[in-house]
Amino acid sequence: MESVHGHNVLNMIREQEVALSKEALLTAMSAEFGEEARYHTCSAQELTAAELVDQFVGKGKLIETSEGIQYIGCNCHCH
């Protein structure tokens, strides 16, 4: 199984016109990348969708509010 880079997820979230609940975001990730997908970033490997979202929230790339999860930005320089 191929691992999906976290930037692909950030791009998907950035393109959303509305904030998504965490549950809706995880469902969208599953639909886009597959139910069994694993994710990676420059600093982590073999993440589940929920772990990736939690990591991005923790690093300030996403923000979770009462309205849902929204894209904040990414100053990553990895490819």
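**Reading the features in turn**

Reply: Let us begin with a charged pair: Lys-22 and Asp-54 form a salt bridge, and their closest N and O atoms are 2.5 Å apart. Please keep in mind throughout that this is a predicted model.

Me: What do Lys-22 and Asp-54 tie together, and how far apart are those parts in sequence?

Reply: The general idea is that side chains of opposite charge can pair when their charged atoms come close. In this case Lys-22 belongs to helix 2 (residues 22–33) and Asp-54 to helix 3 (residues 49–58), so the pair links parts that are 32 residues apart in sequence. A search of the whole structure finds one salt bridge.

Me: How should I read the pattern of buried residues along a helix?

Reply: An α-helix has 3.6 residues a turn, so residues three or four places apart point the same way. In helix 3, the buried residues are Ala-49, Leu-52, Val-53, Gln-55 and Phe-56. Viewed down the axis of helix 3, these buried residues fall within an arc of 160°, so they line one face of the helix. Their cover includes helix 1, helix 2, strand 2, strand 3 and strand 4.

Me: Which residues of helix 1 are buried, and against what do they pack?

Reply: In helix 1 (residues 6–15), Gly-6, Val-9, Leu-10, Met-12 and Ile-13 are buried. They cover an arc of only 160° around the axis, which puts them on the same side of helix 1. The partners against which they pack are strand 1 (3–5), helix 2, strand 2 (38–40), helix 3, strand 3 (62–65) and strand 4 (68–71).

Me: What is the idea behind a nonpolar core, and which residues touch the most other members here?

Reply: In soluble globular proteins, nonpolar side chains tend to be buried together. Here the largest nonpolar core has 18 residues, and those touching the most other members are Val-9, Leu-25, Met-29, Tyr-39, Leu-52, Val-53 and Leu-62. Helix 1, helix 2 and helix 3 are the elements that give two or more residues to this core.

Me: What does Val-53 touch?

Reply: Val-53 is found in helix 3 and is buried, with a relative accessible area of 1%. Not counting residues up to four places away in sequence, Val-53 touches Lys-22, Leu-25, Leu-26, Met-29, Leu-62 and Ile-69. Distance in sequence and distance in space are to be read separately: Val-53 and Leu-10 are 43 residues apart in sequence, and their C-alpha atoms are 9.4 Å apart in space.

Me: With which residues is Leu-62 in contact?

Reply: With neighbours within four places in sequence left aside, Leu-62 is in contact with Leu-10, Ile-13, Val-53, Phe-56, Val-57, Ile-69, Gln-70, Tyr-71 and Ile-72. One of these, Val-57, lies in helix 3 and is partly exposed, at 28% relative accessible area.

Me: How many aromatic pairs are there, and what is their geometry?

Reply: The count comes to one aromatic pair. Phe-33 and Tyr-39 form it edge-to-face, with 6.1 Å from centre to centre and 85° between the planes. Phe-33 counts as partly exposed at 23% relative accessibility, whereas Tyr-39 counts as buried at 1%.

Me: Over which ring does the charged end of Arg-14 sit?

Reply: The charged end of Arg-14 sits over the ring of Tyr-71, 5.4 Å from the ring centre.

Me: Finally, how should I read a positive phi?

Reply: Most residues other than glycine have a negative phi, and most peptide bonds are trans. Glu-46 is not a glycine, yet its phi is positive, about 55°. Glu-46 is located in the loop between strand 2 and helix 3 and is exposed, with a relative accessible area of 56%.

Note on methods: Residues numbered from 1 in each chain as written. Predicted model: local features only at pLDDT ≥ 70, side-chain atom pairs only at ≥ 80, totals over all residues. Heavy atoms only, no water. Phe/Tyr/Trp six-rings, centres within 6.5 Å; stacked < 30°, edge-to-face > 60°. Buried < 20%, exposed > 50% of the residue type's maximum accessible area, 1.4 Å probe, protein only. Lys NZ or Arg CZ within 6 Å of the ring centre and 35° of its normal. Salt bridge = Lys/Arg side-chain N within 4 Å of Asp/Glu carboxyl O. Helix = DSSP H or I, 4+ residues; strand = E, 2+ residues; numbered from the N terminus. Arc of directions from axis to C-beta. Contact = heavy atoms within 4.5 Å. Core = buried A, V, L, I, M, F, W, Y, C linked by side-chain atoms within 4.5 Å.
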